[in-house]
Amino acid sequence: MLRKIIKRLNQIAPGEQPLFAVHLCSSSLTLVQLKETRIKLCKTINFSVGNWQPALLEALAVAPAHSRLHIILAADFYQLVQLDKPAVAAEEMLQALPWQVKDLVSIAPEDIVADYIDLPGNNTAQAKINVVVASLAWLKQLVNTVNNAGPAIVSIQPEEWLATELLPLSTQACMLVVHQPEQEVLIQIVRDGLLYFSRRTRGFSKLHLNSEADLRNGTLDRLQLELQRSMDYFESQLKQPPVRDIRLLMTAPQVMAELLNQSGFNRVEPLQPLPLAATLNDNELLRCWPAVAAVSAQIKGPAA
């Protein structure tokens with residue numbers, strides 16, 4: 001949650017007001033509505049890069065006044081950095097973060113808004129945090145646009161912090177591999193409901209266009225190398241037990257799962273949709289998984 005923007009959460013009991021979530025990307029957005037613990041609506045609107053405001057107003061026109069809204073930002077709208085946790089009081093952390101990250105991001109210090117999550121699994125004396133950084137001026141535009149449309153914002157989140165909502169709680173480490181068309185592959189490792197590891201690869205934005213022959217002709221080898229590097233870091237640097245399962249959310253996940261299993265990666269399967277997303281087909285789930293994850297978290301309990 002970008003707590004510096006959303007200073008006070010809407011403490012509304014689940015089901016008391018209509019619940020929506022919107023996933024905002026650079027040239028498209030996807031809106032979902034949750035009704036009676038099921039996804040009722042999944043709508044995608046495309047727009048020219050930078051022209052997101054009319055599209056957002058069009059999407060939110062279906063939301064009744066005073067609806068609750070989760071906003072999920074695609075990677076185009078924020079930057080993520082990992083650093084040692086500053087030695088400051090918890091109530092001072094959000095004020096300290098912009099100066100801690102100013103040399104690590106491309107946003108001017110006076111325009112930085114930052115939030116963080118603690119990273120588990122670090123066995124050194126120095127705790128680590130994962131910091132999300134966005135433009136304060138841009139976020140104010142976003143909030144004003146939504147306020148003019150009527151919904152009450154419950155949370156603003158980066159999509160990379162939502163993987164834990166897609167996987168069942170387990171003491172065994174699970175790797176989630178996500179590829180949305182024209183985006184880089186997202187590799188995450190979750191254990192005990194906590195996000196231990198997250199990174200985006202480079203060079204795989206067109207993965208959805210690869211045939212099985214293309215995959216066998218080099219692409220699969222490169223992807224396997226990235227997966228293995230991620231698992232090695234999780235085990236050797238974070239001192240965690242080996243990844244037990246790999247779940248895939250991408251175009252033609254069954255084909256990729258079979259190829260990875262043939263290559264020696266064990267227990268690779270397509271991601272099984274959450275019960276609330278049972279009404280969505282594979283393409284819809286791929287488009288709107290961040291929004292689905294956000295409303296899933298709302299069912300479990302209020303945002304923190």
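**Note on two strand regions of a predicted model**

1. In this model, which is predicted, strand 12 and strand 13 (residues 268-270) are paired in the parallel sense, with 3 bridges between them. Within this pairing, R247 has E269 of strand 13 as its bridge partner.

2. Strand 12 is also joined to strand 9 (residues 174-178), and here 5 bridges connect the two strands, which run parallel. One of the pairs to look for is V178 with L249, the latter being the bridge partner in strand 12.

3. Strand 12 covers residues 245-249, and because 5 of its 5 residues are buried, that is, under 20% relative accessible area, the strand is largely enclosed by the rest of the structure. Its side chains are divided between two directions, with D245, R247 and L249 pointing one way and I246 and L248 the other, yet all of them are buried.

4. A separate point concerns an open sheet of 3 strands, arranged in the order 5-7-6 with antiparallel pairing. Strand 5 (79-84) and strand 6 (112-118) stand at its edges, each with a single partner strand, so one side of each has no neighbour in the sheet. On average, and with direction ignored, neighbouring strands of this sheet are turned by 30° against each other.

5. Between strand 5 and strand 7 (residues 128-135), which run antiparallel, there are 6 bridges, and Q82 stands opposite N130 in strand 7. Helix 3 (residues 136-149) lies across strand 6 and strand 7, and runs at about 70° to strand 7.

Key
Residues are numbered from 1 along each chain as its sequence is written. This is a predicted model: local features need pLDDT of at least 70, side-chain atom pairs count only at pLDDT 80 or more; totals for chains, interfaces and linings use all residues. Side-chain values use heavy atoms; hydrogens and water are left out. Buried means under 20% relative accessible area, exposed over 50%, partly exposed in between (1.4 Å probe, protein chains only). Helices (H or I, at least four residues) and strands (E, at least two) are DSSP runs, numbered from the N terminus. Two strands pair if DSSP finds at least two bridges between them. Axes are lines fitted to C-alpha atoms, for helices over the stretch in contact, and angles run from 0 to 180 degrees between N-to-C directions. Contact means heavy atoms within 4.5 Å.
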